[in-house]
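Please look through the sequence and the structure shown here, and read the short report that follows beside them.

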Amino acid sequence: MELQNVIQVHRYHSPCGELRLGSFGGKLCLCDWQVEKHRDHVDRRLEQVLQAGFVEGMSEVIAKAVRQLDEYFARKRQTFDVPLLFVGTEFQKSVWNELLNIPFGTTVSYGEMAERIGMPKAVRAVANANGANSLSIFAPCHRVIGSDRSLTGYGGGLPAKKFLLELETNTLSFF
């Protein structure tokens with residue numbers, strides 16, 4: 001059986017690590033770190049849910065994502081307007097959509113995230129959903145930190161998380 005659907009993918013070299021961008025149906029469905037320890041799991045989830053295979057290439061939405069990432073890393077952009085496709089459970093999607101509400105240059109704890117989605121006791125589940133986010137930076141899971149304000153797990157590694165948070169907190173005077 002041959003798959004008819006295609007997820008176009010393209011590598012992006014960021015200042016803090018290699019990203020893999022992917023688009024499906026005119027939306028960005030993937031912006032994930034190449035070093036991500038769950039890389040295969042994320043890819044399998046996308047392939048199964050979208051019933052699609054990965055093909056190297058460029059699409060309009062990937063080109064737009066590249067431009068916006070370039071602007072973000074050049075300290076010229078604080079928000080993104082690339083259409084996103086969240087692929088996961090309803091709970092995961094609720095967490096990922098809430099990530100979009102965390103303002104640039106700010107952080108929240110996993111506990112605060114759980115409260116925001118109306119499930120204050122689901123801190124661990126929120127952390128797990130955060131870890132399964134396949135749209136890093138666009139759905140800013142790097143802005144979620146430990147309740148003691150410490151940096152905790154991140155798919156791109158803690159140095160990348162630290163880089164992104166410092167980029168955001170040190171850019172306000174550049175706009």
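Leaving aside its neighbours within four places in sequence, which residues is Cys141 in contact with?

## Cys141 and its surroundings

This is a predicted model, and the report begins with a single residue in it. Cys141 is in contact with Leu99, Asn130, Asn133, Ser136, Tyr154 and Lys161, once its neighbours within four places in sequence are left aside. Its place is in the loop that runs between helix 5 (123–131) and strand 6 (144–145).

Although Cys141 belongs to a loop, Cys141 counts as buried, because its relative accessible area is 5% and the cut-off for buried is under 20%. Between the C-alpha atoms of Cys141 and Thr107, which are 34 residues apart along the chain, the separation is 9.5 Å.

## Helix 2

Helix 2 covers residues 60–73, and its 14 residues should span 20 Å at 1.5 Å a residue; the C-alpha atoms at its ends are 20 Å apart, which agrees with that expectation. Just after helix 2 comes Arg75, which takes a positive phi of about 65°.

The buried residues of this helix are Val61, Ile62, Ala65, Val66, Gln68, Leu69, Tyr72 and Phe73. What do the buried residues of helix 2 pack against? They pack against strand 1 (5–14), strand 2 (17–24) and strand 3 (27–33), and also against helix 6 (158–169).

## Ser14 in strand 1

Ser14 lies in strand 1, and Ser14 is buried because its relative accessible area is 12%, where buried means under 20%. With neighbours within four places in sequence left aside, Ser14 is in contact with Leu19, Trp33 and Phe73, and Phe73 is one of the buried residues of helix 2.

## Aromatic rings

By the rule used for pairing rings, the count comes to seven aromatic pairs. One of them joins Tyr72 and Phe80 in a tilted arrangement, with 5.5 Å centre to centre and 45° between the planes. Tyr72 is buried, with a relative accessible area of 1%.

Another tilted pair is formed by Phe73 and Phe163, at 6.4 Å centre to centre and again with 45° between the planes. This pair links distant parts of the chain, since Phe73 is in helix 2 and Phe163 is in helix 6, 90 residues apart. Phe73 is buried at a relative accessible area of 13%, whereas Phe163, at 30% relative accessibility, counts as partly exposed. Ring pairs link Tyr12, Tyr72, Phe73, Phe80, Phe104, Phe138 and Phe163 into a cluster.

The contact takes 18 residues from domain 1 and 20 residues from domain 2.

The size of an interface is often given as the accessible area lost when the parts come together. Here domain 1 and domain 2 bury about 1500 Å² between them, and 65% of that area is on carbon and sulfur atoms. Which three residues supply more of the area that domain 1 buries against domain 2 than any other three? They are Trp33, Arg45 and Tyr72, which supply 39% of that area. Among these, Trp33 is also in contact with Ser14, while Tyr72 is also part of the cluster of linked rings.

Terms used: Residues numbered from 1 in each chain as written. Predicted model: local features only at pLDDT ≥ 70, side-chain atom pairs only at ≥ 80, totals over all residues. Heavy atoms only, no water. Helix = DSSP H or I, 4+ residues; strand = E, 2+ residues; numbered from the N terminus. Expected span 1.5 Å × (residues − 1). Buried < 20%, exposed > 50% of the residue type's maximum accessible area, 1.4 Å probe, protein only. Contact = heavy atoms within 4.5 Å. Phe/Tyr/Trp six-rings, centres within 6.5 Å; stacked < 30°, edge-to-face > 60°. Buried area = accessible area lost by both parts, 1.4 Å probe.
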